[in-house]
Amino acid sequence: MAPVRTAGAIATLLSIAIVSYFLCKTTQHKSPRKKKLQRRRTGLVAAIGNTPLIRINSLSDATGCEILGKAEFLNPGGSVKDRVAVKIIEEALESGALAKGGVVTEGSAGSTAISLATVAPAYGCRCHVVIPDDAALEKAQILEALGATVERVRPVSITHRDHFVNIARRRALEASELTSTTRKKSQIDANDSSQINGHSISEEKQNMQFSSECKGGFFADQFENLANFRSHYEGTGPEIWEQTGGKLDAFIAAAGTGGTVAGVSQYLKDQNSNIKCFLIDPPGSGLYNKVTRGVMYTREEAEGRRLKNPFDTITEGIGINRLTENFKMAKLDGAFRGTDMEAVEMSRYLLKNDGLFIGSSSAMNCVGAVRVAKALGPGHTIVTILCDSGMRHLSKFHNAEYLSEHGLTPSATGLEFLHS
C-alpha cells in the first residue's frame, strides 16, 4: 500500500505546483500598465513621493490638536508638483500624445514648471515654460539652470490670448507643427526641398525656440489635465491614510490647479466619509465663495476694487477665479479665508519655533490647519500639505525689503496674528 500513498502524494504536489504556476501567471498579467510604470520608475523618478508626515510641534501644542504636515518639499524637485509632473508625462507617453525627444510646455507660476523641468530629461524630453514676470525671480533662474527654456510674460486674465497658460498651449502646437513641417520637408526630393505646399520653408511660421530635431510638443495643462488629480488620489492620499493609520479627522489645503485638494479629499472621503476636508483660500481668489455660497464672487472683484490681477498677492501658486476640471473633483465640507499677513507671520513663527523654512502656500496651509483646529476643538488630528520650502521664495516672500514696501513686515511674537 505504501506505493499508492506515495503516488497520491506526488499527484497532490503536482496539482499544487500547476495551480501555483497559473496563479502566478495570472498575477503577473493582471495589470500590465502598472507593471510598466513600476519598471520605468527608477533613478530620480523613483525617489518622488512617500514623503514624511511630520508633527508640527508648535501648532499642535498651541491648539491641543495633532497638526501634521506632509513634507512635500523633500521631493527631488523640491515640491508637491513632482508627483503631478511624473503622472502627466507618463500618461502622455503611454497615450502617444508625447514622444521621446518631444517638448513639454506649461504655463506655471513656478513649482509645476520646476518639477516638469526636473523630471522631463528622465523621460528623454525637454521642457518649455511660460511664466508670469511677477513670479519670484529665483524660480526662473532655477528653471534655466535645469535646462528649460523660460519665457517670461506680463500677467493678464486667463481670458486673454497672451495669458501665460494660453501661450504655453500655443507653444506646444508650434512645436508639433514644426515637427510636421520638418517631416514633410525630409520627404520632398532634394531638387524641390525649397518649397512646401507652394511656400518657401523660410516663409513657414516657425518658433525658432524649438530645434528641428524636436519630436513634437505636448501641453501639460496642469489646470485641466486630470492626471494632476490622479497623482494625488493614487499617491498623496493613500500615503496620508497609511501614515496616520486611518486615524485623522480633517484635511485642509489651498488650491491653485485644485489637483492636490481634490485628489486627497476624494481619496480620504472614499476611505472614511466622516473625515472633514476643507479649503483655505488667499486674497483675490473666488474659491472660498464658491465652496461656501455656490458663487465665485468676492468683494475684491467688485468694479473699482478689482486687483490689477487676481493673483496680486504674496502667495504664489494658489488662488484662482475659475473652476478647473481638477478642482471640480474635490469633496469639501467647507472653506476658510487666509490673508497675506497671516501667511507671512505663520512662516516666521514656524521658522522660529519648529525650524521649518517654508514657502507662501505652505504657510497659508498652516494658517488653515490652525483655523480647522480652532473650529473642531482639541483632541483632533489635522493634516495639511507643506508644498515647498522657502528657498524659491527669497526675492519676495522672504525678502524684508519687499515685504516692507507692501506693508507686510512681520511683528508677531506668537499666534496672536490669527484673530479668527
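Hi everyone, let's start with a pair of residues: Arg55 stands opposite Leu68, which sits in strand S2. Before going on, a word on where this comes from. This is a predicted model, in which local features need pLDDT of at least 70 and side-chain atom pairs count only at pLDDT 80 or more, while totals for chains, interfaces and linings use all residues. Residues are numbered from 1 along each chain as its sequence is written, and side-chain values use heavy atoms, with hydrogens and water left out.

Back to our pair. Strand S1 and strand S2 (residues 66-71) run antiparallel and are joined by three bridges. Two strands count as paired if DSSP finds at least two bridges between them. Helices (H or I, at least four residues) and strands (E, at least two) are DSSP runs, numbered from the N terminus.

Which sheet do S1 and S2 belong to? An open one of six strands, in the order S1-S2-S12-S9-S10-S11, with mixed pairing. S1 (53-55) and S11 are its edges; each has a single partner strand, so one side of each is left without a neighbour in the sheet. Direction ignored, neighbouring strands here are turned by 30 degrees against each other on average.

Helix H8 (residues 227-243) lies across S1, S2, S9 (250-253) and S12 (381-386), at about 140 degrees to S2. For such angles, axes are lines fitted to C-alpha atoms, for helices over the stretch in contact, and the angles run from 0 to 180 degrees between N-to-C directions. Contact means heavy atoms within 4.5 Å.

Now please turn to the other sheet. Four strands form it, open and parallel, in the order S5-S4-S3-S8. At the edges are S5 (149-153) and S8 (217-219), each with a single partner strand, so one side of each lacks a neighbour in the sheet. The twist averages 20 degrees from one strand to the next.

S4 (residues 126-132) and S5 pair in the parallel sense over five bridges, and Val129 has Val150 in S5 as its bridge partner. Helix H6 (residues 137-145) packs on this sheet, touching S4 and S5, and its direction makes about 155 degrees with that of S5.

Finally, is Asn326 buried or exposed? Asn326 is buried, with a relative accessible area of 0%; buried means under 20%, exposed over 50% and partly exposed in between, using a 1.4 Å probe and protein chains only. Asn326 is found in the loop between helix H10 (287-293) and strand S11 (334-337). Leaving aside neighbours within four places in sequence, its contacts include Gln222, Phe229, Thr257 and Ala262.
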